[in-house]
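I opened the model today to look up helix packing and charged pairs. My entries follow the structure.

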Amino acid sequence: MERNTKTIHKLEYNVNFVHFWLSGLLFLLLLMILIGGLTRLTDSGLSITNWEPIIGAIPPLSNSQWILAFDQYKLTNEFKIQNFNMDLLEFKVIYWWEWGHRQFGRLIGLFWFIGFTYLLAFSKLPKLLKISFLTLGCLGLLQAIIGWWMVKSGLDKEAGLLDVASYRLAIHLNLALIITSLIFLLIKVNNNWIKNISFLTILKNYSKEEFFISIFIFSIFIQITLGALVSGIDAGKSYNEWPLMNNNFVPEDYLNLEPYYQNFLENPATVQFNHRIMGYFLFLFGLYIWMQGRFKVNQFNSLKKDYNIFLLFLIIQVLVGIF
């Protein structure tokens, strides 16, 4: 009995440290997604034309190094076709955005490495958590590789792209969402570890309400993917009116590319229309979830407030999208 008590006490110490470590990773990752979005909006992603995982952390330190970096950027289609009037000072702005994005990725990797190394050295991690935390690091490394794979598509002169390939941008964002979801799951598992609650127990206690909310979250995942495709080809600039698109609900050029599958990646009309339709579905589905939860018999007052906040954010998101 005494031995079991000591074991549980040690697990509680691990639980507390792991909770703050995972929460820190989650916070940094959410900031990273925000920085990545701003990097895309400022068209900064192609300003650094090489990937050097170690020495790439050092920015240009002299005027000659800045000129060399600018000369390398001048070889891209983005500069030749779109930014040919850019001077060195303007180039430095987009360079610092991309450099900051990459450094923040390195910071997240360092934060994971220090925490994981500490846990391996000074804690008796359960095998499941050890494998899960190692998987987080591997996914982070994969994310960096995919990030460079994405940038390379915009540097390919023969492809003729002014920006990175939209589907690679979507994959890059999707993996960030997968890592975020995994961290959320690990926080939940970690917090319930000493209670000996297994995955099967969690699934068995899954309510209908939680099931619909899970479907809603998965639908948001799809919508964010569609949004990345919109951003990747600047499809949001194609049709500036709502709810119609050039006086039609379904745009006339919805499927005018050959082969047809290219429309879902490269046709601005198709990509923007799909994003809109998914938005309508999410709003109606979210309204249904709100009604089911808000007016549920014997619902807790605190949860009623949470459902109202959920509806408020849903409406704000729709309005922001339209405006």
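At roughly what angle do the axes of α6 and helix α8 cross? I find that the axes of α6 and α8 (residues 208-232) come within 8 Å and cross at roughly 145°; axes are lines fitted to C-alpha atoms, for helices over the stretch in contact, with angles from 0 to 180 degrees between N-to-C directions. Helices are DSSP runs of H or I, at least four residues, numbered from the N terminus.

This is a predicted model, where local features need pLDDT of at least 70 and side-chain atom pairs pLDDT 80 or more, while totals for chains, interfaces and linings use all residues. Residues are numbered from 1 along each chain, and side-chain values use heavy atoms, without hydrogens and water.

Next I looked up α5 (residues 127-155) against α6 (residues 166-191): their axes come within 9 Å and cross at roughly 165°. The two are therefore roughly antiparallel (over 145 degrees).

Then I turned to salt bridges (a side-chain nitrogen of Lys or Arg within 4 Å of a carboxyl oxygen of Asp or Glu). I note three in the structure. Arginine 40 pairs with aspartate 43, closest N and O atoms 2.8 Å apart. Arginine 40 is buried at 13% relative accessibility (buried is under 20%, exposed over 50%, partly exposed in between, with a 1.4 Å probe and protein chains only). Aspartate 43 is partly exposed at 24%.

Aspartate 71 and lysine 74 form another, at 3.8 Å from N to O. Glutamate 98 bridges to arginine 102 at 2.8 Å between the closest N and O atoms, and I list both residues as buried.

Notes: Angles under 35 degrees count as roughly parallel, over 145 as roughly antiparallel, 65 to 115 as roughly perpendicular and the rest as oblique.
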